[in-house]
Structure formats: C-alpha cells, structure tokens
Amino acid sequence: MVNYFLSEEQQMIVDVARQITAEKIIPQRVELDEKEEFPTEILQDIAQADLFGLYIPEEYGGFGGGSFDMVLALEEFARGCVGIATSFAASALGAYPILISGSEELKQKYMPVIASGEKWAAFGLTEANAGSDASGIQTTAVLDGDEWVLNGTKQWITNAGDAKIYSVIAITDRSKGPRGASMFVVEDGDPGFSYGPKEKKLGIRASSTRELIFKDCRIPKDRLIGRQGTGFFTVMKTLDLSRPGIASLGVGLGQGALDEAVLYAKQRVQFGKPVMAFQAVQHILADMAIQLEASRALVYAAARHIDSGVKDVSKPSSMCKVMATDMAMKVTTDAVQILAGHGYMREYPVEKMMRDAKILQIYEGTNQIQRNVIGQALNKEYSRS
Amino acid sequence: MKIIVCVKQVPDAKDVRLDPKTNTLAREGVESIMNPFDRHALEAAVVLKEQYGGTVTAITMGPPQAEDTLRDAVACGADDGVLVSDRAFAGADTWATSYTLAKAVEKLGPFDLILCGKQAIDGDTAQVGPGLAQRLDIPYVAYARKITECVDGVIRLERLMDDGYDEIEMEMPALMTVVKEINEPRVPSLKGKMKSKKMQATVLTAADIGADTECLGLQGSTTQVVKVFSPQFSAEKCMLTGTVDEQVEQLLDKLEELL
C-alpha cells in the first residue's frame, strides 16, 4: 500500500468507514443486492458514526471536512458495496446545491438534519430528454404569489422515494437559455410531488432509483436555491465537487475486486500449483494493481486540489472520474476472469462488482461527457497566451 | 444512572496460536481486540445512557496496553476509562480477578449497574461477572438477552435459557452479564474516535485500590494452569468385510482389544 501521508483525522475517517464496511456492509451486501433492498439500517449506522456530516461545515452540525475526507470514506464503503456507497453519496449530491448556493436560512434548515443523517437528500437533474444534454430540461417552475409551482418529471433519480430532501433543477425562464434554469428544494410530502415505481437495474441494486413527478407541485417561495437563473451554475459546481466521490467509488470497487482476485489466485490450484504461480495470471493481477494505484493517486490529488480552494476544478475533477471508473470496469472484469467459472457465479462477489462497475462510467456525467469537459478545459488553457 | 462496563482485551480469535514451547497463547504479533461479548455489554450500557441519562465508565484489568481497549470503549460511547494495572495482578485467575475488580469498583464509589459480557473468548470461564457481583454483595443476572426497562431503581430484563427465557426484575445496584443476542454493537463514531484519542484513562494500582497483596495475581489465585494443549484426535477407520457372522466376530475381537 502506498503511503499517502494521511493526517491522524483522515486515518480515523478511514478506520471508521472500514469498520462499517467490514461489520455492516459486507455481511449484508449479497442479500440487499438480491432483494434490491434499500440499505436503511446501514445508512443509520453510517449516520450514527457521524459520517453523513463529513463534508458539512461545523456551524451546521457537520464535521467540516472537505472533498478528500469524503473520498476516503466513499472508497472504503465502495470496497464493500457500490450500491450502498451510492445511496450514501447521493445524499451529499443532494446537499451540495444548498451548500454551494443556498441562502443562510436554507442551510440552517436543511444542513443539520442532513449532517446528522436524520434525513437523506437527493439530486434531481436528469429527465427523459435531458441527460448528457442538460439544456433539454422540460420541468418548469412558475412563481404564483408566494409559491413556486413545479411541473415535469425527473428520471433515474438515486435515493428517490427514500430521501426526504430533493434539490431539483427546473426552467424558470426559457427565453434566457442557460440562464433560465433555477434550483429548488422540494420536500417529501409537498403537495403535487410523487414518485414513479422503483427501477430494475443491472447493478447497484441496493440503491433505489425512481422518477420524481411534479404535478402542480406547490412549494414556498423561499425554497429557491440561490438567485433565479443560477440553476446551471449550481449544477456544474455540484458535479465538480461530487465527481471525485464517484471516482473514489471506482477506486474502492477496484480494490475490492483486486483483493478477491489475488486471494483466489493464491488458493486455486491447477496443474499442481496455485494459479498465482503462473505469469499469465500474475501479469493480469499486476496490471490491475498498477491501474488501481494510479487511479487512487489521481483521485487523491484531485480531491486535495479541490480542497486547496482554487476556483476552477472541472478538469482534474473530470480526469479522476474518467480514469478511476474506466479502471473499475476493467479491473472488475479482469477479476471475474481470474476467478473464471467461480467468478461468474453469484456465490462469489466479483460478478456483482462487475455489474456495479458499469454505472460508474455512466452516472454523474458519462465518461464521454467528462472527456468533453477536459477537452474544453485544454482548449481554454492553451488559448490564454 | 452510573453504569460501569467491564471490558477485557483479548487476542483476536481469527488468529489464535499456541506457543508450542510454553503451551500458552502466543500473543506476539497477534492483534488485540475488545472481547466481542464486552462490545455487547458496552452497547447495552450506551443505549441505557441514551434512554435514561447518566454516565458509562469502562473498566479493565490488564497490562498498560489494555488502555487501547478503553479507547475503543470511549470511541463507542463510554464517557471515561479506568485501567486497573499493576505487576502484582499478573497471573490472576477468575478468583483473584474478581477480587481485584471489586476493590477497584469500590474505589470508584457508588454505581447503579455493572455490565459484563457473558464470558471472554480467551479464557471462556464466564466466572468474572458473577464473581464480581458476589464480591460486591449485589444481585446479578447472567446471560441477559434484553433490557425491558429501568425505572425507580429496578431493572427489568430477560435472561436467555436453553429452553426459552426468564423475565426478571432486579433491584439496583446490580450486575448483569449479557449474551450477543441483546443488541448489535455500533461501530465507533468519528467524534467518539477523536474523543478517545485525547482520553486519559484513570490508572489504579494495587496500592490505589487498597488491595491485600496476598489476594492478587498468581499468589491470590486458587487455580493454576498446569498445561495447555490442543487435544490430538486420532480417529482410525477400519472396514470389516466378509459375511455378517464373520464381521460380528471381527467386531467383537476389535472391541476386546480396546477394552
């Protein structure tokens, strides 16, 4: 293991998250995956361990940590189960817009309950016609007296139905283009707000995915996050912050897969030797380890870069997301190959890891979109001089 | 309510080895953990504190490094830790240990409840909890699987039995040992961990607790471990062949050989 010079506090975060993974997540991951069941109790355990408040400032009841602290916790959880880790991460994704752009009142109202884990949050951006192209958003919000009235449907929303607090983007003035979108806080139980049925997924089956349906959904005027028209800005800033988290899910997942593959290779005997003794196997494992460690190093560097307080973090944030999640797909596929027939069976954990890996290349911006972001950043950087 | 939880540092059961020369547990290089049953006792204590208010003090008898177990206890919700440590305590059996712990508890002053795990996974005697209650002359229940309520100085609980459970009321101060069915121990919280780093355990020596040195450690122990060994099983398999009568004949011969 490479020494990343973690502080004492950071090591504590790793230790706490690792213990939750060993004692709570790993024993339950198979059942939750099979039953496609939301990990309510495990999230409560995580809350009790103070980790829901990791990235939330102390004045709102959090730990006051940064992107790097979050990355460390997510990596440990993902080593056990990306589905459960996603449910945890999605609450942060729902909280970031309020933290980034919300009024002091909104922060005071929502951050303490999110930090304590009493209520989970979620993020509503994607729609049927607005995925990679966020400008295709159809959901609208119209001010009517002291209330905003929302209409439209959000698709594939993680934690939908289980979360209580939703950060949602809607068009408030279509004529203004990208400056015509705004973000709002919608609460579970608001009039006119309901959920679609639970989606059936390839992987991360412990996480819940549903539609958010707004039919003349009325919310108080002060639920607007930031100023009117700043919705896209808030979304972009949110994703800049959250992408290293997704990247660290890839790192944790890759580590989990490497652990399984090496331990298996050491005890599986063919031709009279453990298969670990064959170079054909060793080289696959070596490549897995190389890619994993390189990804981890980039994710940690990107998270520390974000925590340094610099303004534009899109490029490193996208770079680490692409690298670590492509790595996770490759490494989990290789792990199945190392375990071969056993690996393909549900009795062993690697087939689930491979199923779970795919979403990492898709959600919070596909890896193709991330490459666009990186390309645009390069174009900008080299135009300055 | 003032609650005391007895915790013991034990070698991690995942990695138990005997030293082939001394026949004692090889502790070198083996990770130490809090006795798993004691984690359940601690959790029960912390839940009681959350429900009824009060304090939870973790106490352990052991060498200086047993302080790590007290830190774990504080990380999981205990308020403070007491390390009962002295060279004179070395080699104590359950008789001497319960004496030592009783003196230490008396030194700490009045309490309402003492919680212990049902047994430690290294010694496996299940004697120290009940022994401590006897020394302190307080009522006790072993194998508690549920605490129903705790009001007006009376604790109501369920005791796990082979064929069901008993419902019991007990006046406090009292002691109980718990089985793992009582709860699901929490993992340490981040704030708890930070608090535990700073924790300074109260250290009590033989002199501090006013113990009679005759009653301590190996000297005060009524039992001595003469030898520890892994039993050798040498089961032999033998197939008898021939007609039924021949087989019966052979079997009788074999049995005669053995008797």
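**Before H1 of chain A.** I started with Phe5(A), which lies in the segment before H1 of chain A. Helices (H or I, at least four residues) and strands (E, at least two) are DSSP runs, numbered from the N terminus. I am working on a predicted model, where local features need pLDDT of at least 70, side-chain atom pairs count only at pLDDT 80 or more, and totals for chains, interfaces and linings use all residues. Residues are numbered from 1 along each chain as its sequence is written, while chains are lettered from A and ligands numbered from 1 in the order in which they are written.

**Positive phi values.** Most residues other than glycine have a negative phi. Phe5(A) has a positive one, near 50 degrees. I noted a second case at Glu364(A), with phi of about 55 degrees, in the loop between helix H9 (350–360) and helix H10 (367–381) of chain A. Are these residues buried or exposed? I used C-beta atoms placed from the backbone: 20 or more others within 10 Å make a residue buried, 12 or fewer exposed, and anything in between partly exposed. Phe5(A) counts as exposed because it has 7 C-beta neighbours inside 10 Å. Glu364(A) has 25 other C-beta atoms within 10 Å, so it is buried.

**Helix H2 of chain A.** I then looked along H2(A), residues 40–48, and found Ile42(A), Leu43(A), Asp45(A), Ile46(A) and Ala47(A) buried. What covers them? Helix H1 (8–35) and helix H4 (82–101) of chain A are included in the cover. Just after H2(A), Asp50(A) takes a positive phi of about 75 degrees.

**Where the chains touch.** I counted a contact when two C-beta atoms, placed from the backbone, lie within 7 Å. On that basis 12 residues of chain A are in contact with 8 residues of chain B. H1 and H2 of chain A are the elements that give two or more residues to the chain A side, and H1(A) brings the largest share, 6 residues.

**The sheet of chain B.** Chain B has 6 helices and 11 strands. I traced an open sheet of 9 strands with mixed pairing, in the order E9-E8-E7-E10-E6-E1-E4-E5-E11. Two strands pair here if DSSP finds at least two bridges between them. The edge strands are E9 (164–171) and E11 (202–204) of chain B, each pairing on one side only. I also looked at E7 (140–151) and E10 (174–178) of chain B, which run parallel and are joined by 3 bridges. Tyr140(B) has Leu175(B) in E10(B) as its bridge partner.

**Helices on the sheet.** For angles I took lines fitted to C-alpha atoms, for helices over the stretch in contact, and 0 to 180 degrees between N-to-C directions. Helix H1 (36–52) of chain B lies across E1 (2–6), E4 (55–61), E6 (113–117), E7 and E10 of chain B, running at about 150 degrees to E6(B). Helix H4 (128–136) of chain B packs on the sheet, touching E6, E7 and E10 of chain B, with its direction at about 70 degrees to that of E7(B).

**A cis bond.** Most peptide bonds are trans. I found a cis one from Met172(B) to Pro173(B), with omega near 5 degrees. Pro173(B) sits in the loop between E9 and E10 of chain B.

**Chain B overall.** Last, I noted that 41% of the 259 residues of chain B count as buried. Along its principal axes, the C-alpha trace of chain B spans about 75 × 45 × 40 Å.
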